[in-house]
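This report describes selected local features and the chain-to-chain packing of one model. Please view the sequence and coordinates alongside the text.

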Number of protein chains: 2
Amino acid sequence: MSQHSAGWTAPASEVLRVTSAGLSGVDPEATPGYQGKKTDGAESLASGLAALGDLQERLFARSAVGEAQASVLLVLQAMDSAGKGGIVRHVVGGVDPQGIELAAFKAPTAEELQHDFLWRIEKRLPAEGKIGVFDRSHYEDVLIGRVRALAPAEEIERRYRAIVDFEKRVADSGTRIIKVMLHISRDEQKQRLMERLERPEKHWKFNPGDTDERLLWDDYMVAYDTVFERTSTDDAPWYVIPANRKWYARLAVQELLLAALEDIDPQWPVADYDVAAEKKRLAAS
Amino acid sequence: MSQHSAGWTAPASEVLRVTSAGLSGVDPEATPGYQGKKTDGAESLASGLAALGDLQERLFARSAVGEAQASVLLVLQAMDSAGKGGIVRHVVGGVDPQGIELAAFKAPTAEELQHDFLWRIEKRLPAEGKIGVFDRSHYEDVLIGRVRALAPAEEIERRYRAIVDFEKRVADSGTRIIKVMLHISRDEQKQRLMERLERPEKHWKFNPGDTDERLLWDDYMVAYDTVFERTSTDDAPWYVIPANRKWYARLAVQELLLAALEDIDPQWPVADYDVAAEKKRLAAS
């Protein structure tokens with residue numbers, strides 16, 4: 001677990017890593033590995049933000065002087081309303097924007113459809129020293145792609161293999177990949193979508209297609225389990241994060257990010273110029 | 001002034017707009033238009049963040065449903081160490097990352113140099129509903145471009161005119177342009193650069209070229225004044241913000257953003273679906 005992980009009884013990267021039981025092994029209400037309650041969680045999140053900011057700045061500093069060969073990529077996948085937006089706002093939003101590269105993948109454009117599904121993904125991979133965040137990702141091409149049969153079965157098969165190879169290359173080139181599925185229950189989703197319909201200032205967040213997708217809930221769960229089975233590797237593991245409790249999901253993602261950055265352990269760069277000579281030159285300027 | 005502008009005695013957009021006196025008319029130590037002290041400023045900044053977040057979300061919401069025809073572009077220019085990074089971190093960083101498009105312009109690449117200087121700028125203009133932030137910009141091409149004679153004088157002349165036309169088009173297409181020069185004194189810069197040399201964890205922020213640029217201080221001040229004279233228009237006005245006091249500069253930029261967003265006055269979109277029917281359909285799902 002991270003060095004800043006007050007309240008955690010076990011490393012998040014262990015207790016949240018997907019098992020062969022898949023989604024059926026995870027209770028969306030649970031708070032695995034964390035012994036605190038909601039108020040403790042808010043405190044842990046706040047103190048983690050400072051630690052995350054410090055680590056991110058160190059990573060960024062190394063890249064600024066050409067010494068970073070590391071970056072982090074957080075992939076966020078979930079059913080509608082599971083809280084991706086909240087993760088971006090409350091976890092990623094606590095970090096200096098200069099260190100973040102956020103990419104939100106919507107339905108592919110006409111131009112994107114004329115390329116392999118990984119073409120648009122490659123272009124948005126984080127640069128050295130950055131924390132990349134994918135709000136949806138290439139996994140849509142094997143999730144909605146499969147559930148809605150947007151591609152033939154053999155093409156979906158090809159994509160699982162392509163993803164594993166692609167992510168291996170990305171990991172080998174120095175990017176820590178953290179793939180997160182925010183797992184809410186079907187009832188929780190109904191409640192959250194209903195809230196969007198009940199509050200006029202939330203109406204824009206709802207569209208009738210959300211209910212259409214919801215009706216395919218079971219198919220999506222099967223598609224997710226297949227994704228985990230086929231693409232969770234040591235290079236790019238999947239984590240299933242119970243997300244009925246928003247505070248827990250945010251804390252857990254932060255914890256995974258902290259652990260990845262602590263593992264990189266970026267050190268402040270050493271000056272490649274003569275500090276004493278530069279002080280003199282500056283003083284005289 | 002913005003509706004959230006406790007402590008302001010005059011609209012920031014009026015008192016900070018550059019005058020014909022240029023930089024000589026602005027004391028870098030001053031806090032024009034704001035009657036509070038540093039501690040008040042911190043409070044104002046915190047309360048402004050919530051207001052800014054709300055306005056940004058409304059703007060974003062309109063774009064999400066295809067109704068926004070507006071965006072905001074904040075252009076940040078300054079001498080080294082004047083606090084651009086702090087603005088990005090403490091003002092922009094308080095807004096949901098989903099609503100921000102940040103572009104940091106460094107020395108142009110070989111590919112960029114094979115195009116007009118506005119080619120790379122056009123590509124990074126903010127989408128509808130977004131707040132774009134330029135950390136340096138096309139103005140480098142008439143600042144360092146002029147001071148270092150990186151282009152012939154007639155090309156620099158052409159660029160001023162090109163910028164005015166370009167920004168007019170951008171403004172006409174719905175983007176509020178706020179151009180900010182963070183103005184520090186020469187002594188303040190020396191002190192800040194020295195601090196970077198004195199603290200090992202800041203060494204990476206310094207490079208010997210910073211002192212070289214500093215030696216051209218007066219030339220840069222003339223180049224800035226020419227920029228203001230040639231390119232400050234009603235479509236895209238320049239603001240000179242005294243920046244020796246970091247807290248004031250941050251508050252002032254936030255105030256300019258607030259005023260621009262309040263002027264757009266984005267309203268929550270009205271649902272384009274039958275809310276009652278969707279509630280029923282969701283309830284049955």
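Ala149(B) has a relative accessibility of 58% and counts as exposed, where exposed means over 50% relative accessible area, buried under 20% and partly exposed in between, with a 1.4 Å probe and protein chains only. The residue sits in the loop between α6 and α7 of chain B. Most residues other than glycine have a negative phi.

The model is predicted: local features need pLDDT of at least 70 and side-chain atom pairs count only at pLDDT 80 or more, whereas totals for chains, interfaces and linings use all residues. Residues are numbered from 1 along each chain as its sequence is written, chains are lettered from A and ligands numbered from 1 in the order in which they are written, and side-chain values use heavy atoms, with hydrogens and water left out.

Helices (H or I, at least four residues) and strands (E, at least two) are DSSP runs, numbered from the N terminus.

Thr226(B) belongs to α10 (residues 217–231) of chain B. Leaving out residues up to four places away in sequence, Thr226(B) touches Arg146(B) and Tyr160(B); contact means heavy atoms within 4.5 Å.

Arg176(B) lies in strand β4 (residues 175–183) of chain B. With residues up to four places away in sequence not counted, Arg176(B) touches Ser71(B), Val72(B), Leu73(B), Ala260(B), Asp263(B) and Ile264(B). Its C-alpha is 9.4 Å from that of Ile131(B), at a sequence separation of 45 residues.

In chain A, Gln77(A) is found in strand β1 (residues 71–78). The side chain of Gln77(A) makes a polar contact of 2.7 Å with that of Ser137(A) and another of 2.8 Å with that of Glu140(A). A polar contact is a pair of N or O atoms within 3.5 Å; within protein, one must be able to donate a hydrogen and the other to accept it, and residues adjacent in sequence count only if both atoms are side-chain atoms. The residues that Gln77(A) touches include Arg136(A). Arg136(A) is in the loop between β3 (131–135) and α6 (144–147) of chain A, and has a positive phi of about 65 degrees although it is not a glycine.

| Residue | Relative accessible area | Class |
|---|---|---|
| Gln77(A) | 0% | buried |
| Thr226(B) | 15% | buried |
| Arg136(A) | 22% | partly exposed |
| Arg176(B) | 32% | partly exposed |

How are the two chains related? Chain A superposes on chain B by a rotation of 180 degrees with 0.0 Å of shift along its axis (RMSD 0.0 Å). That is the relation of a two-fold axis. Copies are superposed by least squares on the C-alpha atoms of residues with pLDDT of at least 70 in both. The copies meet through the same surface, because 100% of the interface residues of chain A are also interface residues in chain B.
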